[in-house]
Every structure is written in C-alpha cells, then in structure tokens.
Amino acid sequence: MRNRTKTQEYLTAFVMLLPYILSFCVFFAYPLVKAFMISFQNFSFLGDAPPKFVGLANYKEALTNKMFLDSILNTLYYSVLVVPTQLIIALILAVIVNDKVKFKEFFRTTYYLPTVTSPVAVSIIFLFLYKTDGLVNQILSHIGITPRNWFNEPSFVMPAIVSVAVWGSVGFYMVTFLSGLSTIPDQLYEAAEVEGAGEFIKLIKITIPLLKPMIFFNTVVSFISTLQMFDLSYIIGGSDGGPMGKAMTMVVMIYRTAFKEFNMGVASAMAFVVFGIIFVLTLIQRKFFGEEMSY
Amino acid sequence: MKKFLTILLTLIFLLSLVAGIGAAQKDVFATSKITLKLGAWASSPAEKKIVQNQIAAFKKLYPNVDVKITEIVGDYNQKMQLLMASKTEPDIFYMDSMPAWQYIAKNVLEPLDSWMKKYNVKTIGYESSLLQPFIYKGKVYGLPKDYNTLVLFYNKEMFKQAGLTQAPKTWQELKEYAKKLTTDKVVGLTMNLELARIQPFAYQNGGKVFDGSKPVFTDPKALEGLKFALDLFKEGICKTPKDLGAGWVGDAFADKKAAMTIEGGWMIPFLNDRKIPKDQYGIAELPAGPAGKSTMAFTVAYVMSKNSKHKPEAFKLIRFLTGEGGQKYVVEAGLALPSLKSAGVNFAKTYPERKALVDGAKYAQVYFYGLDGTKVVDVFNKAFEDYVIGKKYDLKKNIEERVKQIMK
C-alpha cells in the first residue's frame, strides 16, 4: 500500500467522485452557464432562428417590468412575514417538546408531518379550507366574522398563503432547533435553577444565546427558501399571481416569463436578478449575526 | 492519468455511436405500416369519443395508417412548445385560435396550401371567419376542426320563482333579471372576469377591440360596453365562479349558486355529466346591446408540424377530420359546431334546442387578436380586475397604462 503514488490516489479519488462530478456538470454547471448565456440573448427554442446577442437588454426589460418589480415586493413581504413567525413558533415548540411533556415523541412526529407532505397537496387542501363556504369560514362565522374567499382578495391572499407556509414548514425548523437544544449541557440549567432562575430567564440567558448558531442557520435557510417560494403561490394564485397579482412571487414570475410568454432571455435575466437579491440578503444576514459564526 | 481519460472518453464516444446507429436502423427498417401521432388536449370523455370515432372511420379508409392520440394534460401550449423544442411533437395537433400566429411566425408549422391544392381542399367550404386566425401572410396553416359560441344559460326553475318567463333579450332586461334573481344564496349571473366573456358587450355597443389585424384598446364605444358588463360585477348581481367558491361557471350553475351564466356549448355535455335534466335550463342568444347582437366564437384547427415525417398521410388525416367524413361525427355528438358549412346546416336540424349556438355564429367575433394575443388579453383582464376589485376606477386610463407597460 505504501508504494502507491500520489497520482494513483488522485485517480482513485477521481473515479469515486466521477458519478457526482458528471451529474454536477450535466444538471448544475451546464444549465447554470447556459442560463447565464441565455440571459444576454434573444433566445427562443421554437423554430430555427439562432439566438442573438442583445447585451443587457434582457436585464433592462426585467428591471422595468412592473409585474416583476411587484413580484419582488410581494416576495419580500412574504419572507418578512414567514421567517420570524416560523422561527419563533418553531423555537417555542422545540423548547416545549424538548422538555418534560408527556407523549413528546408523538408531538415531534405530528409537528414534523406537514413537512414531508407535498406542498401541492397542502395548497389544495387549504384551497378547500379557505373557500367561501369552507371550514375556516364556517368557524369564523360563529364569532361573527363574515365569510370571505381568503385566497381571492388582494389584501388577504398573501397573509393566507403565509399561514399555509408556516403550518407546512414549522416542523422542519423545530427539528433543527431540537438537535441544537440537545447539545446544551443540562448542568447549565441546573446551575441556573440553583441560582433561582425561572423558565423565562433560562430561555433568554441560556437557551437562546447557546442556540445562536442554530438560529443563524435557520434564519438563512428559511430566508432563502421563502425567497424561492413557488409551489404555494402557483397552485393558489396561478401564473397570473392571484387577485390583482398580489400572490405573484419572483420565481412564479420567472416561470410565467419562461413558459407562458416564452421569453427565455428575460426569464434567465430575472433568475440572475433573483440570485443577486438572495446573495446580497444572505451577506447582510451574515454581517448581522457576526462573521465568526461558522455554519 | 491522461491515457486513462482518453480511453474512457473514446469508449463513451464509441458507445454513443453504436447507440446512434441502432436507433437509426430501427427507422430505416420500419414496416410499411406508419403511425401518425395526433396531439389533443385532455377534454371530456364525450369529446374524446368523437375523435376516437373519427379515427376509427379513418383507419377503415387507410388501413396502413395507424393513428395514436397523444393526450396532453395540463397547460397545452406550454407542453406543446416543449415537445417542439425537443422535436418530439405529434404530426398533427389541435391549435387554438389565440396563439396560432405565434407558432406560425416562429416557423414551426407546415403551410397547407400546396397540400390543399394537391388533394383538392378548398377554403371556401369552411365558415370563413374561422379561418382568419390560421392564415398568415397569405398562407393557410390550419383547417378548423370545429367551433363554439357563447350563449346564455339560464335556470328555468329560478326564473319561474322570480316570475320571469323567458330569457333576457336586451341589456336592460339582463340587468333587471339579474337583480331580481339575486338572493342571499343565489347570484343572478355568473361569468369569468376576462376578455373572452366581457368582449361581446363591447361589440353589442358598436365598439371593437380588434380591427382584423391589430388590437384596438380604447375605442370609446367599446369601453362603454365593457363598463356595462363590469358594473354588473360591481353591483354584486354578477360574480365570478371563484367568488362563489366554485371551480368554474359550470359548477356554479349546476350547483344552483347562480341563475344565469354566459358560457359556450361545452356546458351542455358537462351538465349532462352532472345529471342536470335538459328541461331544467334554457339556452338563449346573448342579450342584444344598443348596437345589436354579438358573441364570441372559439375555434380550434388541426395543424401539421413542419418536422412530420409522414406529411402526405398527415394531410390526408387533416382532410378527413375537417371534411364531410369526419365532421359527420361532430354533428352527431352535438358538442361543438362543425366548421364545414354543409355540416352546419345539419346541426341545427339535429339539435333544435341548441339553435342559439348556431344563430350566434352569424354575428360572432372569433377569439383572436393577432400576434400579440396573449398580451392583449392580459391588458384587458388585468384592467378588468383593477376596475372591479381594485381601486382604479378609470378603465380607460388603466388600459392605457397597461398597454404602455406590456405592449412595446
């Protein structure tokens, strides 16, 4: 074994990695490069006209498209509503489930279940729940709130989608918080108890500071996933973005431009604008949480 | 290392070459029996049956041609364009009037003129307005398979309870009736809030939204007509199926959530499927406006792919489907109107209670707005939405703004 040369070792490594490298090139690197090229072209995959280089025209068109700009605002609105709500609920649930609750395995499983359900199925079920004569309205009518079609009114559609999103993904963040909680040594809590600290003080002084890396991780992941939201909005609002376009997100807009208007160039340009937005926002969060955070 | 890579690459290359030869050979040695693919969107079982019957009849005439229906579920245009991009599209397929020019301009459809000459098919036999969306720069690209018009469906029982005896004939009556029929549980009228339903009101008022080659956005007469229809929504005597919590107007009408609806002939088989007895609803022409009657005609044509490997057979199939032999089945089924004039006469005789559909054809506008069709529809639909549920009350200004944004 000792006389194996470096080259042989590299070769072995290379062969082992080959399946991944191939799939990476075919399904990730190539489409990425191609999409970047298309974002500078007048590109149509119908007919035999060759793509034409148009410089920054696609980016200009994307950034002057009111519907796209609206979709950016809608998405940010969605993110700002979802991320904190989701994380706070997830953290509270994690703390409760981590503690001395009976049947905690059962609760862990139930709260995690929506996460493994297809978002499409979830959206369709909520379409029924939020209908004018759906369950939600029937319950609300008992406390004197007039029934309305929540997904069909401009000012309610996004908050309604937010509620679906939070319900559907809170379990995932709960589980990551749980794994973080298990790394906090019990002695700290015991020491705190000896000093006379209550539950709330323990949460503020021990749990949250020690969970900081986990909170950062979850914030970033949650932010990125909300900025890329597609399925809920598409199923509930369609490619027109629901009532008055209020449910239109950035990714639905890319889909609409690419596959409804067949404007591949502009759609690719939009995709890179979205990439830029996510990149910048993630950098900002990194700054906010301190750069020493290693996740 | 390098050697190994070279060998690997050569191997992969050789393998793909062999695979290529294998595939090529298959085609060369194919049996004399050929298979045509016919692309259709998913529709009701009754509609599917027509095509199946037509194909069975066609196979009897041409035993060496097998026809396979490729049913496209979901967004038809999107999937069709993806199929085309990968060059796996069917030989002939349905083409809606709306996007027709977009395909034609991209040069992916086969012009049919030379084939029509060769096999003696004349455009004069078809209802003339139906061909308009499929003629581009003087060339014919599709032959209409059938068409449908919008009519007014009304619930006879609800009419009786409200003391009404017949369908509304004028705008005033439409409004009056809708008001009378609206109760806590039922809305007078339901229709989609979109150009394809609202447009007839523009023409009924003597305005237009399309002049034959390009869209007209702010004809004052048209705007006045559109406003009349949109105000029905504002007054709450007309609602969209979505507002009623229904999947589409058909459901809303069948579930008795609305007393009247404006929809096409495809409602009839749907109501049959829902077991709604025929004498429970009536079918009437759309109420006339100040300038007379108008309605929409929706047409679908058969077009041929430029990449088809069996063009002569594909054209023979189109000729059969849109000719006397195939149109017979369209008449028999009574779902849509036959595009062949000679067959249209038989339709009205076979289905007297559906006469309104045929009568409408005489003054109908085809659902078609040229090359920018999708954008035109978008401009109007969004403006309608703003006007009805938004806060922008100036329809004209709103349309102008949207035109500036979308149409360049």
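A domain here is a stretch of the chain whose bounds come from an automatic or database domain assignment. The model shown in these views is predicted.

**View 1. The two domains of chain A.** Chain A is split into domain 1, residues 6-56, and domain 2, residues 66-290. Their C-alpha centres are 32 Å apart. Where the two domains meet, 8 residues of domain 1 of chain A are in contact with 6 residues of domain 2 of chain A.

**View 2. The surface between the domains of chain A.** The size of an interface is often given as the accessible area lost when the parts come together. Between domain 1 and domain 2 of chain A this buried area is about 600 Å², and carbon and sulfur atoms give 78% of it. On the domain 1 side, S39(A), F43(A) and F45(A) supply 55% of the area buried against domain 2, more than any other three residues. The count of salt bridges between the two domains is 0, and 0 residue pairs are found in polar contact across this interface (both at pLDDT 80 or more). Helix α1 of chain A, residues 6-38, makes the largest share of the domain 1 side, with 4 residues. By class, that side holds 6 nonpolar residues, 2 polar residues and no charged ones.

View 3. An unreviewed UniProt entry places the feature "transmembrane region" at six listed spans of chain A, among them residues 12-33 and 262-284. Residues 12-33 of chain A are 100% helix and 0% strand, with end C-alpha atoms 28 Å apart. Residues 262-284 of chain A are 91% helix and 0% strand, and the end C-alpha atoms of this span lie 34 Å apart.

**View 4. Chain B against chain A.** At this interface, 29 residues of chain B are in contact with 29 residues of chain A. The two chains bury about 2,300 Å² between them, 58% of which comes from carbon and sulfur atoms.

View 5. The interface of chain B and chain A has 2 salt bridges. One of these pairs D75(B) with K260(A), whose closest N and O atoms are 3.6 Å apart. Helices α1 (2-28), α3 (76-85) and α17 (373-389) of chain B each supply at least two residues of the side that touches chain A. Of the helices, α3(B) gives the most to this side, with 6 residues. The side of chain B that touches chain A is made up of 11 nonpolar, 8 polar and 10 charged residues.

Key: Residues are numbered from 1 along each chain as its sequence is written. Chains are lettered from A and ligands numbered from 1 in the order in which they are written. This is a predicted model: local features need pLDDT of at least 70, side-chain atom pairs count only at pLDDT 80 or more; totals for chains, interfaces and linings use all residues. Side-chain values use heavy atoms; hydrogens and water are left out. UniProt positions are given in the numbering used here, feature names are shortened, and annotations may be inferred rather than shown by experiment. Contact means heavy atoms within 4.5 Å. Buried area is the accessible area (1.4 Å probe) that two parts lose on being put together, summed over both. A salt bridge is a side-chain nitrogen of Lys or Arg within 4 Å of a carboxyl oxygen of Asp or Glu. A polar contact is a pair of N or O atoms within 3.5 Å; within protein, one must be able to donate a hydrogen and the other to accept it, and residues adjacent in sequence count only if both atoms are side-chain atoms. Ala, Val, Leu, Ile, Met, Phe, Trp, Tyr, Cys and Pro count as nonpolar, Asp, Glu, Lys and Arg as charged, and the others, Gly among them, as polar.
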